Amino acid sequence: MDVALYTHLDMLGHRPGDWHYERPERLRAVLDALADDATLRLERREAPPIAQADLLLAHRSAYVQALIEAAPRTGLLKLDEDTYMSPGSLNAALRAAGGVVQAVRDVAAGEVERAFCAVRPPGHHAEPALPMGFCIFSNVAIAARAAQQAGLRKVAVVDFDVHHGNGTQAVVSGREDLFFASVQQWPMWPGSGHPSEPVPGNIRNAVVSPGASREAWRREFSGLMRHVDAFAPDLIVVSAGFDAHARDPVSDSSQNLEAEDFEWATRAILEVARAHGRGRVVSSLEGGYDLEALGQSALAHVRALSQG
């Protein structure tokens, strides 16, 4: 099966600093790994800049306007301890969000069935009025709401990044016909996402401890997917973070996942998508900071997406 690949080289222009984990080489590593596999059939599509009106599906107008006005022409702008903007960052962030939104709209229109969005900066920590954790716009949350506008009534977001997608949760929380399922390490920054945290019924969080076995992670993920299955989504949008990989420097190798675990998780997502949503899945890159592990994990994920 062909998978549509949404990306744009303008996203290389987001340069938060040579020392920063979220560096342009991440996107290169993913695109190179996908290009090196001659068996993959990827339909490459341009990630367009998102319309400002679409940003308002997840963000407050004052926040969006402040970021646009503050975007630097030279040097770096520090948004928080981890999040920076360079002269190319605004365009990159607009295209990152725009790529995921275009993907869900193309899926809703029947042009494609599955998509992988190789985008940066990531988005799942960005809250309605707060940049956070390398993230500027809440790419996946915006896309989930855009998918509903495009006619896919019930949309589930599945997040397997090692960090909790607090920004996505903030946008999705309590919204009718949206569901958020996330597995993350606990304890771990940003300190949210524990199952004991009071949340509305459309939020389901699971955690694994530092150093947990791959089998323990798979058990938690399987439990999450049972809830997604019960929700019966028309579309699943994936926050595909690969920083739970055993070699990832941000998680300090405290998780033991390998590329095949992400492939397994993708197959589990597809099983639910086939049962309820005609196999419709849109995936968006989040974390993953060891370049080799990132490339191989993304490749395993997209290979699984390409299965019929």
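Axes here are lines fitted to C-alpha atoms, for helices over the stretch in contact, and angles run from 0 to 180 degrees between N-to-C directions. Helices (H or I, at least four residues) and strands (E, at least two) are DSSP runs, numbered from the N terminus. This is a predicted model, in which local features need pLDDT of at least 70 and side-chain atom pairs count only at pLDDT 80 or more, while totals for chains, interfaces and linings use all residues. Residues are numbered from 1 along each chain as its sequence is written, and side-chain values use heavy atoms, with hydrogens and water left out.

Let's start with a pair of helices. The axes of helix H7 (residues 214-231) and H8 come within 11 Å and cross at roughly 15°. H7 and H8 are therefore roughly parallel to each other; angles under 35 degrees count as roughly parallel, over 145 as roughly antiparallel, 65 to 115 as roughly perpendicular and the rest as oblique. H7 passes H8 in a right-handed crossing, a term used if the near helix is turned clockwise from the far one by less than a right angle, with anticlockwise giving left-handed. On the H7 side, the residues in contact (heavy atoms within 4.5 Å) include Trp217, Phe221, Met225 and Val228, and on the H8 side they include Trp264, Ala265, Ile269 and Val272. The residues of this contact divide into nine nonpolar, two polar and five charged. In that count, Ala, Val, Leu, Ile, Met, Phe, Trp, Tyr, Cys and Pro are nonpolar, Asp, Glu, Lys and Arg are charged, and the others, Gly among them, are polar.

H8 has another partner to follow. Helix H8 (residues 259-277) packs with helix H9 (residues 291-305) at an angle of about 30°, their axes 8 Å apart. That makes H8 roughly parallel to H9, and the crossing of the two is right-handed. Ala259, Phe262, Glu263, Thr266, Arg267 and Leu270 of H8 meet Gln296, Ser297, Ala300, His301, Ala304 and Leu305 of H9. By class, this contact of H8 with H9 has six nonpolar, four polar and two charged residues.

Now for the core. The largest nonpolar core, with 97 residues, has Phe116, Phe137, Phe160 and Phe221 as the residues with the most contacts inside it. Such a core is a set of buried Ala, Val, Leu, Ile, Met, Phe, Trp, Tyr and Cys residues joined through side-chain atoms within 4.5 Å; buried means under 20% relative accessible area, exposed over 50%, and partly exposed in between (1.4 Å probe, protein chains only).

The crossing of H4 and H5 is right-handed. Among the residues that make this contact are Ala93, Ala97 and Val100 of H4 and Ile142, Ala143 and Ala146 of H5. By class, the contact of H4 with H5 has 10 nonpolar, two polar and one charged residues.

Phe137 links several of these places. Leaving aside its neighbours within four places in sequence, Phe137 is in contact with residues including Ala93, Ala97, Gly123 and Ile142. Gly123 sits in the loop between strand E5 (114-117) and helix H5 (139-149), and at 1% relative accessibility Gly123 counts as buried.

For a strand residue, look at Ala206 in strand E8 (residues 203-208). Ala206 is buried, with a relative accessible area of 5%. Not counting residues up to four places away in sequence, Ala206 touches Ser182, Val183, Gln184, Gly193, Pro195, Glu220 and Leu224.

The backbone deserves a last look. Most residues other than glycine have a negative phi, and most peptide bonds are trans. The peptide bond from Arg120 to Pro121 is cis, with omega near 5°, and Pro121 is in the loop between E5 and H5. A cis peptide bond also joins Trp189 and Pro190, with omega about 10°; Pro190 is in the loop between strand E7 (178-185) and E8. Asp177, in the loop between helix H6 (166-172) and E7, has a positive phi near 65°. Ala232, in the loop between H7 and strand E9 (235-240), has a positive phi near 60°, and at 24% relative accessibility Ala232 counts as partly exposed.
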